[in-house]
Amino acid sequence: MKFRIGYRTLKTALGTALSIVVAQLFGFENYVSAGILTILCIQVTKKRSLQASWHRFLACIIAMAFSAVFFEGIAYHPLVIGLLLLFFIPTVVMFRAKEGVVSSSVIIMHIYSAGKVTGALLFNELGIITIGIGVALIMNLYMPSVDYKLEQYQREIEAQFKKIFSEIAKYLKNNDSSWDGRELTETAVLIEKAKGLAIQDVENNILRDENLYYQYFKIREKQFEIIERVLPSITSIPQHVEQANMVAGFIEDLAKGIHPGNTVLFYLEKLLRMKSVFENMELPKTREEFEARAALLHFVNEMEQFLLLKRSFKGLNTGKDKSQPAAAN
């Protein structure tokens, strides 16, 4: 079993040590608490780190105010701590800063242990809070790029689509049902992982709400839903008909065409021409032939939607900008 230290673990370790050293150098009491705040505020993404930091800072400020009111106004007694928390926790939740309840409770205990609220004490607690949160934010300024991994997911998903289409074409041509369908499960997992990583990339870029990779994987997810939806009707065709070979040929071409730099218009035009040929062909003579052709027509219509989904997305390019996914069917 490999022993691996992730970048977040490294940042947490370094940040914790740094915040304690800085707080100690400034002569703050309870300086170790700055390290605790740093641990709590270093998150997976910049956006989550900012949110965690703000929630904890706000909760700590509220805790200082409540401590001054309750301890100075009533007494420094354990029962007063319980009474304070009865009002403090709902207040923090109301301000949507519930993540800061634990860290702010440490501030409450500091003030309780001091036995008296003074300006110096409040300044000390504010210094600890600022250093602990500030160091966490500085450490989280660095986030490793995930562009390479996103491109890898893009290539893997496209490869799975090619395989699925090739198997569909093989079945339509030769009625070959040896395919075990494992690519369907693998593709679903890949798309979920890719979307999750794309969301993480968005959260590491504070000034934008969505990125092209996330949109791209959403399109692939919708296309995959179409594939899953039409497979049962294709695999239940009662007999082989001439139109099946035509559809198989189109699907084979489409499978080859799933690669960077491709456009959808060519395949849409080809599909529409094929539909026109279908309409001008002789009517089916048997019920089985009618059902087979109806299933194929349904499949072709769904493939039209498959292509239109990709066409509706204008963000993909031809690979000139490597920060964006390249165009593909």
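## Burial and conventions

A residue is termed buried under 20% relative accessible area, exposed over 50% and partly exposed in between, with a 1.4 Å probe and protein chains only. By this criterion C41, at 0% relative accessibility, is buried.

The model is predicted, so local features need pLDDT of at least 70 and side-chain atom pairs count only at pLDDT 80 or more, while totals for chains, interfaces and linings use all residues. Residues are numbered from 1 along each chain as its sequence is written, and side-chain values use heavy atoms, with hydrogens and water left out.

## Cysteines

A disulfide is defined here as a pair of cysteine sulfur atoms within 2.5 Å. A search of the whole structure returns zero disulfides. For C41, the closest cysteine sulfur is that of C60, at 8.4 Å, which is too far for a bond. C60 is likewise in no disulfide, and C60 is buried, with a relative accessible area of 0%.

Helices are DSSP runs of H or I with at least four residues, strands are runs of E with at least two, and both are numbered from the N terminus. S67 is located in helix α3, which covers residues 46-73. The relative accessible area of S67 is 0%, and the residue is therefore buried.

Contact denotes heavy atoms within 4.5 Å. When neighbours within four places in sequence are set aside, S67 has contacts with E72, L84, I108 and I111.

## Salt bridges

A salt bridge requires a side-chain nitrogen of Lys or Arg within 4 Å of a carboxyl oxygen of Asp or Glu. The whole structure contains 15 salt bridges. One of them joins E167 and K163, with an N to O distance of 2.8 Å. Both residues belong to helix α7 (residues 147-174) and are four residues apart, about one turn of the helix. E167 is buried at 7% relative accessibility, whereas K163 is partly exposed at 33%.

In helix α8 (residues 182-203), K195 and E192 are three residues apart, about one turn, and their side chains form a salt bridge of 3.6 Å, N to O. K195 is buried at 11%; E192 is partly exposed at 45%. K218 pairs with E221, the closest N and O atoms being 3.3 Å apart. These two residues lie in helix α9 (residues 212-235), three residues apart. K218 is partly exposed at 28%, while E221 is buried at 14%. Through salt bridges with shared partners, E192, K195, K218 and E221 form one network.
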